[in-house]
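Welcome, and please take a moment to look over the sequence and the 3D view below. The report that follows walks through some of the features you can find there.

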Amino acid sequence: LRYFENSTQAQAERSESEHIQAMHKIVEAVRSSEEIGVKYMQEWEERMLERQKAHEEGADEQKKAIALEMKREG
């Protein structure tokens, strides 16, 4: 996200990484289109919410497993 917010064309051109240069082209396309930027942020937010939910569900499953083990052990 920091790269997305702060990168410049000059920085991308100085980079020897083809990956950085390709990524910068995408970043520039997103920056130049408000509609794409909004969609990008919405999708990013949805992914973060999904990860958070999965993490919480995993924690709940772990708690259940610990409780069952403790019950078995008395």
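Glu35 is an exposed residue, with a relative accessible area of 54%. Please keep in mind that everything here describes a predicted model. The partner of Glu35 is Lys39, and the two form a salt bridge in which the closest N and O atoms are 3.2 Å apart. Lys39 itself is partly exposed, at 49% relative accessibility. Why can these two side chains meet? Glu35 and Lys39 sit four residues apart in helix 4, which runs over residues 34–73, so about one helical turn separates them. The general rule behind this is simple: an α-helix has 3.6 residues a turn, so residues three or four places apart point the same way.

**Salt bridges along helix 4**

How many salt bridges are there by this rule? The count comes to four. Besides the pair just described, here are two others for you to find. Glu43 and Arg47 are four residues apart in helix 4, about one turn, and their side chains join in a salt bridge with an N to O distance of 2.7 Å. Glu43 is partly exposed at 41% relative accessible area, and Arg47 is partly exposed too, at 48%.

Further along, Glu69 and Arg72 also belong to helix 4, with three residues from one to the other, about one turn of the helix. They form a salt bridge whose closest N and O atoms are 3.4 Å apart. Here Glu69 is partly exposed, with 35% relative accessibility, while Arg72 is exposed, with 64%.

The table below puts these pairs side by side.

| Salt bridge | N to O distance |
|---|---|
| Glu35 and Lys39 | 3.2 Å |
| Glu43 and Arg47 | 2.7 Å |
| Glu69 and Arg72 | 3.4 Å |

Helix 4 has 40 residues, and from its first C-alpha to its last it reaches 58 Å, close to the 58 Å expected at 1.5 Å a residue. Glu61 lies in helix 4 and is partly exposed, with 49% relative accessibility.

Charged pairs are one part of the picture; there is also a nonpolar patch on the surface, formed by Tyr40, Met41, Trp44 and Met48. Together these residues have about 380 Å² of accessible area. Trp44, one of the patch residues, is found in helix 4 and is partly exposed, at 40% relative accessible area. Just after helix 4 comes Gly74, which takes a positive phi of about 90 degrees.

Now turn to helix 3. This helix has 15 residues and spans 21 Å from first C-alpha to last, close to the 21 Å expected at 1.5 Å a residue. Which residues of helix 3 are buried? They are His24, Val27 and Val30. These residues cover an arc of only 120 degrees around the axis, which puts them on the same side of helix 3. On the other side of helix 3, you will find Glu18, Lys25, Ile26 and Ser32 exposed.

His24 deserves a visit of its own. This residue of helix 3 is buried, with 2% relative accessibility. Leaving aside residues up to four places away in sequence, His24 touches Tyr3, Ser7, Thr8, Gln9, Ala12 and Arg31.

Two stops remain, Ser15 and Arg14. Ser15 is in the loop between helix 2 (9–14) and helix 3 (18–32). Is Ser15 buried or exposed? With a relative accessible area of 19%, Ser15 is buried, because the limit for that word is under 20%. Not counting residues up to four places away in sequence, Ser15 touches Ile20 and Gln21.

Arg14 has its place in helix 2 and is exposed, at 61% relative accessibility. Between Arg14 and Met70 there is a C-alpha to C-alpha distance of 58 Å in space, and they are 56 residues apart in sequence.

Notes: Residues are numbered from 1 along each chain as its sequence is written. This is a predicted model: local features need pLDDT of at least 70, side-chain atom pairs count only at pLDDT 80 or more; totals for chains, interfaces and linings use all residues. Side-chain values use heavy atoms; hydrogens and water are left out. Buried means under 20% relative accessible area, exposed over 50%, partly exposed in between (1.4 Å probe, protein chains only). Patches are made of residues with over 30% relative accessible area and no salt bridge: like charges are joined within 9 Å, nonpolar side chains (Val, Leu, Ile, Met, Phe, Trp, Tyr) within 5 Å. Accessible areas come from the Shrake-Rupley method with a 1.4 Å probe; for residues, only the protein chains shown count as cover. Contact means heavy atoms within 4.5 Å. The expected span of a helix is 1.5 Å times one less than its number of residues. The arc is that of the directions from the helix axis to the C-beta atoms.
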